[in-house]
Amino acid sequence: MERINEIAENLKLLGDRTRLTMMALLKERALCVCDIVELLETSQPNASQHLRKLKAAGLVNETRKGQWIYYSLNIEDKPYIQVILGYIPSLKEKIDQVKNDCD
């Protein structure tokens, strides 16, 4: 029953368009908050709030590189999320267009 609750909570998180889009972006590669803000055309506090929820659920990892924090997927033990992300169209071209100011 506990596993069902965990899956339900994770699916609820992904029911939000912004968080699902963030996961789709992170499926392509690790990104810093500034990249995510630019790609989603949102504010830094809004992006950080969503990333905080994804991190709390264990769906993303954060890694500090200098003054920037990079986010990456943490779904190796969540095959049901891997399947969902497999159905989402690639956003690689959109990511490649971003001027990476974080480096």
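User: Which residues does lysine 53 touch, not counting residues up to four places away in sequence?

Analyst: The model is a predicted one. In it, lysine 53 touches Leu13 and Arg19, once residues up to four places away in sequence are set aside. For arginine 19 the separation can be given in two ways: lysine 53 is 34 residues from arginine 19 in sequence, and the C-alpha to C-alpha distance is 8.8 Å.

User: Where is the place of lysine 53, and how does lysine 53 count by its relative accessibility?

Analyst: Lysine 53 belongs to helix H4. Because its relative accessibility is 40%, lysine 53 counts as partly exposed.

User: At what angle do the axes of H2 and H4 cross?

Analyst: The axes of H2 and H4 cross at roughly 75° and come within 10 Å. The two helices, H2 and H4, are therefore roughly perpendicular to each other.

User: At what angle do helix H3 and helix H4 pack?

Analyst: Helix H3, residues 33-40, packs against helix H4, residues 44-56, at an angle of about 110°, and their axes are 9 Å apart. An angle of 65 to 115 degrees counts as roughly perpendicular, so H3 is roughly perpendicular to H4. The crossing of H3 and H4 is right-handed.

User: Which residues of H3 and H4 meet?

Analyst: Val33, Ile36 and Val37 of H3 meet Gln44, Ala47, Ser48 and Leu51 of H4. By class, the contact of H3 with H4 holds 5 nonpolar residues, 2 polar residues and no charged residues.

User: Which residues in H3 are buried, and what covers them?

Analyst: The buried residues in H3 are Val33, Asp35, Ile36, Val37 and Leu39. Their cover includes helix H2 (17-28), S1, H4, S3 and helix H6 (92-96).

User: How many bridges join strand S2 and strand S3, and how many join S1 and S3?

Analyst: Strand S2 (residues 60-65) and strand S3 (residues 68-73) pair in the antiparallel sense over 6 bridges. S1 and S3 likewise pair in the antiparallel sense, over 2 bridges.

User: Which residues in S3 stand opposite asparagine 61, arginine 64 and cysteine 32?

Analyst: Asparagine 61 stands opposite serine 72 in S3, and the bridge partner of arginine 64 in S3 is isoleucine 69. Cysteine 32 stands opposite tyrosine 70, also in S3.

User: How many residues lie between the strands in the hairpin of S2 and S3?

Analyst: There are 2 residues between the strands of this hairpin, and glycine 66 takes a positive phi near 65° there.

User: Finally, where is the place of isoleucine 88, and is isoleucine 88 buried or exposed?

Analyst: Isoleucine 88 sits in the loop between helix H5 (79-86) and H6. Buried means under 20% relative accessible area, so isoleucine 88, at 18%, counts as buried. Apart from neighbours within four places in sequence, isoleucine 88 is in contact with Leu20, Ala24 and Lys27. The C-alpha atoms of isoleucine 88 and leucine 25 are separated by 10.0 Å, and these two residues are 63 residues apart along the chain.

Technical notes
Residues numbered from 1 in each chain as written. Predicted model: local features only at pLDDT ≥ 70, side-chain atom pairs only at ≥ 80, totals over all residues. Heavy atoms only, no water. Axes fitted to C-alpha atoms, helices over the stretch in contact; angles between N-to-C directions. Helix = DSSP H or I, 4+ residues; strand = E, 2+ residues; numbered from the N terminus. Parallel < 35°, antiparallel > 145°, perpendicular 65-115°, else oblique. Left-handed = near helix turned anticlockwise from the far one by under 90°. Contact = heavy atoms within 4.5 Å. Nonpolar A, V, L, I, M, F, W, Y, C, P; charged D, E, K, R; others polar. Buried < 20%, exposed > 50% of the residue type's maximum accessible area, 1.4 Å probe, protein only. Pairing = 2+ DSSP bridges.
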